[in-house]
Amino acid sequence: MIDLDAYFARIGYSGPREPTLAVLRDLHRLHPAAVPFEAIDCLLDRGVDISPAAVDAKLIHGRRGGYCFEQNSLFQRALDALGFRTEGLAGRVRWNQPPDAPVQPRTHMVLRVTVDGRDWMVDVGFGGCVLTAPLVFAPGEVQATDHDRYRLTPVGAELRLEVEREAGWIPAYDLSMVPCVTRDYEMANWFTSTHPTSHFRANLLAGRTTDEARYGLLFNRFTVRPKGGRPTHEILDADGIERTLREVFGLAVEPSWRPVIERAAAAPPP
């Protein structure tokens with residue numbers, strides 16, 4: 001189901017190949033640094049194919065990025081190949097939405113990974129506040145990672161992932177604990193990649209998190225959040241966006257992307 005040698009070369013991993021918490025932590029840290037979050041194909045009307053062969057061709061061999069259904073399905077297959085026990089879950093995104101926003105469909109893929117009898121929340125596909133380490137399913141407990149602190153808050157039958165930022169605790173998504181099947185993700189992926197109201201159909205965005213900093217691009221606004229430092233923001237022109245996609249996010253910018261880049265550069269200031 002996956003060429004582990006190729007995947008490990010893509011993320012720069014050369015450690016043990018056994019289903020331990022230490023291995024899970026190492027992989028979870030390396031993946032978001034090597035494989036950027038992006039959904040440029042949605043803006044180009046190409047759709048997003050989440051079949052294993054297509055994901056591997058794009059994210060591993062093509063050295064592109066992707067969004068949650070690509071990122072987390074790839075990560076799940078790698079974990080399965082190592083002998084981890086995994087399940088797919090789905091969440092309703094609340095990031096950057098007002099408290100009174102309409103309830104969203106479950107369009108975010110998350111993993112539950114069991115190690116030594118304990119369940120861990122795993123997510124390498126959530127853009128600018130992506131986890132860099134697995135979280136234990138412990139509602140109410142504040143859990144620190146290298147870049148941010150998180151907590152899981154019960155909301156009815158679901159768990160709300162919140163991240164602590166300058167303004168306080170911000171909701172990321174509400175997670176259902178009911179396992180999903182592949183068809184669930186195929187339907188959700190069709191919506192996020194093709195529906196005119198999908199966030200990914202209108203916004204140029206990219207994210208990458210390394211040991212040193214988080215990097216985020218939304219339209220023409222480039223944000224850097226150094227670990228332990230204050231965030232900086234910069235408004236880029238079209239050439240600056242293209243250069244940042246290449247140099248920061250490691251993407252081989254195609255000529256067909258230029259109209260999308262120019263539209264993003266013309267976006268009004270936030």
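1. Strand E6 (residues 143-144) and strand E7 (residues 149-155) are antiparallel partners, paired over two bridges, and four residues lie between them in the hairpin. Ala 144 is set opposite Arg 149 of E7. Strands here are DSSP runs of E with at least two residues, helices are runs of H or I with at least four residues, and both are numbered from the N terminus; two strands pair if DSSP finds at least two bridges between them.

2. A word on provenance. This is a predicted model, in which local features need pLDDT of at least 70 and side-chain atom pairs count only at pLDDT 80 or more, while totals for chains, interfaces and linings use all residues. Residues are numbered from 1 along each chain as its sequence is written, and side-chain values use heavy atoms, with hydrogens and water left out.

3. Now for the next hairpin along. E7 is joined to strand E8 (residues 158-165) by six bridges, and the two run antiparallel. Leu 152 faces Leu 161 of E8 across this pairing. Two residues separate the strands of the hairpin, where Gly 156 has a positive phi near 65 degrees.

4. At the E5 end, strand E4 (residues 118-122) pairs with E5 in the antiparallel sense over two bridges, and Trp 120 stands opposite Val 136 in E5.

5. Axes are lines fitted to C-alpha atoms, for helices over the stretch in contact, and angles run from 0 to 180 degrees between N-to-C directions.

6. How do H1 and H2 meet? Two packed helices are described by the angle between their axes and the distance between the axes. Here the axes of helix H1 (residues 4-11) and helix H2 (residues 21-34) cross at roughly 70 degrees and come within 8 Å. H1 and H2 are therefore roughly perpendicular to each other, a term for angles of 65 to 115 degrees (under 35 degrees is roughly parallel, over 145 roughly antiparallel and the rest oblique). From H1, Tyr 7, Phe 8, Arg 10 and Ile 11 meet Leu 27, Leu 30, His 31 and Ala 34 of H2. By class, this contact has six nonpolar, one polar and one charged residues. Ala, Val, Leu, Ile, Met, Phe, Trp, Tyr, Cys and Pro count as nonpolar, Asp, Glu, Lys and Arg as charged, and the others, Gly among them, as polar.

7. Thr 114 deserves a look. This residue lies in strand E3 and counts as buried at 14% relative accessibility; buried means under 20% relative accessible area, exposed over 50%, and partly exposed in between (1.4 Å probe, protein chains only). Setting aside residues up to four places away in sequence, Thr 114 touches Arg 85 and Asp 119, where contact means heavy atoms within 4.5 Å. The side chains of Thr 114 and Asp 119 are joined by a polar contact of 2.7 Å. A polar contact is a pair of N or O atoms within 3.5 Å; within protein, one must be able to donate a hydrogen and the other to accept it, and residues adjacent in sequence count only if both atoms are side-chain atoms.

8. Asp 45 sits in the loop between helix H3 (40-43) and helix H4 (52-61) and is exposed, at 59% relative accessibility. Its side chain makes a polar contact of 2.7 Å with the side chain of Arg 201.

9. There is also an open sheet of five strands, ordered E1-E10-E11-E12-E13 with antiparallel pairing. Its edge strands are E1 (37-38) and E13 (232-235), each pairing on one side only. Glu 38 stands opposite Ala 206 in E10.

10. Finally, two backbone points to check. Most residues other than glycine have a negative phi, and most peptide bonds are trans. Arg 63, in the loop between H4 and helix H5 (68-82), has a positive phi of about 55 degrees. Phe 219 has a positive phi near 55 degrees and is found in the loop between strand E11 (213-218) and strand E12 (221-226).
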